[in-house]
Structures are given as C-alpha cells and as structure tokens.
Amino acid sequence: FKFSILNAKKEETKAMESHRAYRFVQGKDWGFKKFIRWDFLLDEANGLLPNDKLTIFCEVNVVADSVNLSGRCVPVQYKVSESRLPVDLGQLLENQQFSDVTLAVKGKEFQAHKAILAARSPVFAAMFQHEMEERKHNRVEITDVEHDVLYEMLRFIYTDKTVSLQTMACKLLAAADKYALDRLKELCEEALCNSLSVENVAEILTLADRHSADQLKTQATNFINMNAADVMDTTGWSSMISSNPHLVAEAFRALATRPGPPARLSPKRVKLN
C-alpha cells in the first residue's frame, strides 16, 4: 500500500509506500508512525492544507483471495485448475493398475475395477454384491455386446465421456440399457434423434421401442408423422410392418391425432400384409 498527501494542485506529496503484504482484519490497522512532521504540514508555503483541508491519498494493491469491506467478505476472481478426475480414471482403465475383475467378450478380455463398475451401474453392483458366478470368480462373461462397444461403454463408466458416440449410438444404446447407464442411454438417444432420416427412422423407432427409449421413440414417431408418405416407401417401413405391427399401429394412431389437416396416403402405403 501507499500513502501520500495531495497538495493544492492535487499532486502527490510526501508519499510513503510499503511493499510487504498485510492481512487487513477488522480492529487492526496498518500505516506509518512517522508519516509527516507537524510543522511541515502546517507550513503554508508547502500548500498541504488548502482551505484548511487535508487530503490523503491511499492506494492499496489486493493480493489475497478476498477483500474485507465493512465486515463483508467480497470474493475476487481466482483461477482454479480443471478437474483431472475423468483423466485420472481414464488412465486407470488404460493401465489396468489395481484391477480386480475381468470382462470377457468374444475372446477378448478387459481388466476393470469392481468398485468403479458397481458405483456407476446398478447391474454390475448386483453382480458383485450377491453370490453370483461373477463375484466368485472375478470374471464377467459378456456374449451380447461387441468388444469395441464394451470398451466404449467402459470408457464412459470411467470418464463420463465417449469418443465414438456418433458411430456407435445404436449399439451403445442397447448396452446402456442392459447395464442401466441412464446418462449414456440419454446421450445415445440425443445422437440418434439428431440423425433421424426417412431411410432410418423405422429402424430407430424399433430400437427405441425395444430398449424403452421413450424420448427417442417420441421423436421418431413425430418424424414419421411429418414425413409419412416418404417413410412408407422405404424398406425399413416394410420390415417394421411384418416384425413390429404394433409400432405401425401406434404411428397411425399418432398420425390420426396429429393437429392440422389429415395426411394424404395412398391405399398401397397403408395396407398391412
């Protein structure tokens, strides 16, 4: 901090400065015991008391994480480093250090950590809590998930992120549903909603129905309503007619209750074989 006296010309005079850092707290003060001599201050020739007024200029540099003003703590900006938790856990998956369970899929094995799997997935938690084969042998055999999809799911479990969501959304959705990874499932739903097209909407609607992806199912149904004539000309729609007729019925029901003028459909498009 620095103290000085302003003369009649508003110029700093008799400045004194301290380069030490002090903690300013209520009830305690800092300054200089011998700031200015009394006779020097009163000497009119020095012009320090214009109109019998003394003006003291004080400059304070704040270096702490807060400022105390009249008993109030005012926070100041302080840069805090980004969390390394996702990075550190991702490295734990990569280097397999301290792993205590093996996930085996189609001849390929991944080393993982029970505590992390159980904390993130209630399905894994149930495996390791009860007297199941997975708990006894510290090994989980997986037969219905491809190894690259499993690894991407593990990446999400450890880091809460994925790098192949756009290319694996359908398969990841199925895996997320199986292992009750709700956030991953929602991310897959969002990616698939953004990729809906006339050609794939029937397939995505079937997927959404199979895995109880309600948001995705609603969006796919709405997309069909908006593009009914074109969708009904696709092979995906024809396949859905034979494999999932209840979805076709639901789509027509939604189409019939849609606000606005009825869609124009030719008889050959609405006929169910």
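Guide: One definition to start: rings of Phe, Tyr and Trp (its six-membered ring) pair if their centres lie within 6.5 Å; planes under 30 degrees apart count as stacked, over 60 as edge-to-face and the rest as tilted. Ring pairs link Phe-124, Phe-128 and Tyr-179 into a cluster. This is a predicted model: local features need pLDDT of at least 70, side-chain atom pairs count only at pLDDT 80 or more, and totals for chains, interfaces and linings use all residues. Residues are numbered from 1 along each chain as its sequence is written, and side-chain values use heavy atoms, with hydrogens and water left out.

Visitor: How many aromatic pairs are there in the structure?
Guide: Four. In one of them, the rings of Phe-124 and Phe-128 have centres 6.2 Å apart and planes at 15°, so the pair is stacked.

Visitor: And what about Phe-124 with Tyr-179, how far apart are the ring centres?
Guide: The centres are 4.8 Å apart and the planes at 10°, so that pair is stacked. Phe-124 lies in helix 4 and Tyr-179 in the loop between helix 7 (165-178) and helix 8 (182-193), so the pair ties together parts that are 55 residues apart in sequence. Helices (H or I, at least four residues) and strands (E, at least two) are DSSP runs, numbered from the N terminus.

Visitor: Are Phe-124 and Tyr-179 buried or exposed?
Guide: Both are buried. Buried means under 20% relative accessible area, exposed over 50%, partly exposed in between (1.4 Å probe, protein chains only). Phe-124 has a relative accessible area of 0%.

Visitor: Next topic. Which residues of helix 13 are buried?
Guide: Leu-247, Val-248, Ala-251 and Leu-255. They cover an arc of only 105° around the axis, which puts them on the same side of helix 13; the arc is that of the directions from the helix axis to the C-beta atoms. Arg-253 and Ala-256, on the other side, are exposed.

Visitor: What does Ala-251 touch?
Guide: Ile-224, Asn-225 and Trp-237, not counting residues up to four places away in sequence. Contact means heavy atoms within 4.5 Å.

Visitor: Now the sheet. What is the strand order?
Guide: The order is 7-6-8, in an open sheet of three strands with mixed pairing. Two strands pair if DSSP finds at least two bridges between them. Strand 6 (residues 101-105) and strand 7 pair in the antiparallel sense over five bridges.

Visitor: Which residue is the bridge partner of Leu-103 in strand 7?
Guide: Phe-110.
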